[in-house]
Amino acid sequence: MELAKKYSSRFSVPVLTVLLLLSFSNVNAQRERLIDHNAIGWFVYNGDHKLSEKWELHTEYQWRRIDFVRIWQQSLARVGANFIFSEKVRIGAGYTFFQTFPYGSYPQADLGKSYPEHRLHQDISLEETYGKLALTHRFRLEQRWVSELDETNPSKVDKWPFQNRIRYQIDGSFALKGQTIDDREFYINAFDEIFIGFGKHVGENVFNQNRISLGLGYQVFDGLQIELNYLNQIVQHADNDPISGRPVFEINNGFRLNINHSLDFSRN
């Protein structure tokens, strides 16, 4: 017992000191962050058009705005193909053209010009139903070529550093009437998605961003749904603020208006 007390007293002070230092470091790190708040409005179109029993054409455009609608945040155009492996499993791949504009107090487009990005992606979606709740898990791997503009002439791209990113999204829809979502019926929908960067050219933002959304949807008919959601987006910039050297986090809140419109070309 005396031996236990002896070692306890010997190690309790160093352990307590380490815990206090870790706690202080965490609080200090929180204070060092620069937080950029923005009001966002995202207008989104999604279409998965059936080409045959096993194949779909995916089309997508996102018109992202700051101050809800006043100025540009980003533009996203995506095209791809989905293979229907089974009733609950889809495998997809595609190409995205992405453009980021100068916005916020600490713009990532810091030369005053928008910068483009090219992406390829591969993903797998797993669907499951629990009573009125339909869940989709999507795992996506992205290859990104993010442009760096020429500092002497920002209208030109100087180079295209390559990055990797992995994304996981869980998406849910809950029928408000009956067991399934039918024509002219409302439903609740929500999703959360996390983005993790990895590879040689990833900067400070290994944690790249997270999005969480909740809202109300309406199915006009099978193949056309309209959804209006609250959207929260947290983004960590790849580069620290050039003046203070502190990491920059965006906290973006607003709405997301989403239209899902799918056509069936396999009947033709």
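Two strands pair when DSSP finds at least two bridges between them. Strands themselves are DSSP runs of E with at least two residues, numbered from the N terminus. With these two ideas in hand, let's look at the structure above.

This is a predicted model, in which local features need pLDDT of at least 70, side-chain atom pairs count only at pLDDT 80 or more, and totals for chains, interfaces and linings use all residues. Residues are numbered from 1 along each chain as its sequence is written, and side-chain values use heavy atoms, leaving out hydrogens and water.

**Strands side by side**

Start with strand β11 (residues 207–221), which runs antiparallel to strand β10 (residues 185–198) and is joined to it by 12 bridges. Here Phe191 stands opposite Ser213 in β11. Strand β11 is also joined by 12 bridges to strand β12 (residues 224–236), again antiparallel. In this pairing, Gln219 faces Gln225 in β12. The hairpin of β11 and β12 has two residues between the strands, and Gly223 takes a positive phi near 110 degrees there.

**Rings that meet**

A pair of aromatic rings is described by the distance of the centres and the angle of the planes. Rings of Phe, Tyr and Trp (its six-membered ring) pair if their centres lie within 6.5 Å; planes under 30 degrees apart count as stacked, over 60 as edge-to-face and the rest as tilted. A search of the whole structure finds nine aromatic pairs. Among them is the pair of Phe43 and Trp63, which is tilted because its planes stand at 50 degrees, with the centres 5.2 Å apart. Phe43 belongs to strand β1 (residues 34–50) and Trp63 to strand β2 (residues 55–66), so this pair links distant parts of the chain, 20 residues apart.

Phe186 and Tyr218 also make a tilted pair, with 4.7 Å from centre to centre and 50 degrees between the planes. Since Phe186 lies in β10 and Tyr218 in β11, the pair ties together parts that are 32 residues apart in sequence.

| Residue | Relative accessible area | Class |
|---|---|---|
| Phe43 | 23% | partly exposed |
| Trp63 | 30% | partly exposed |
| Phe186 | 47% | partly exposed |
| Tyr218 | 25% | partly exposed |

Phe43 and Trp63 also belong to one aromatic cluster with Phe68, Trp72, Phe101 and Phe255.

Terms used. Helix = DSSP H or I, 4+ residues; strand = E, 2+ residues; numbered from the N terminus. Buried < 20%, exposed > 50% of the residue type's maximum accessible area, 1.4 Å probe, protein only.
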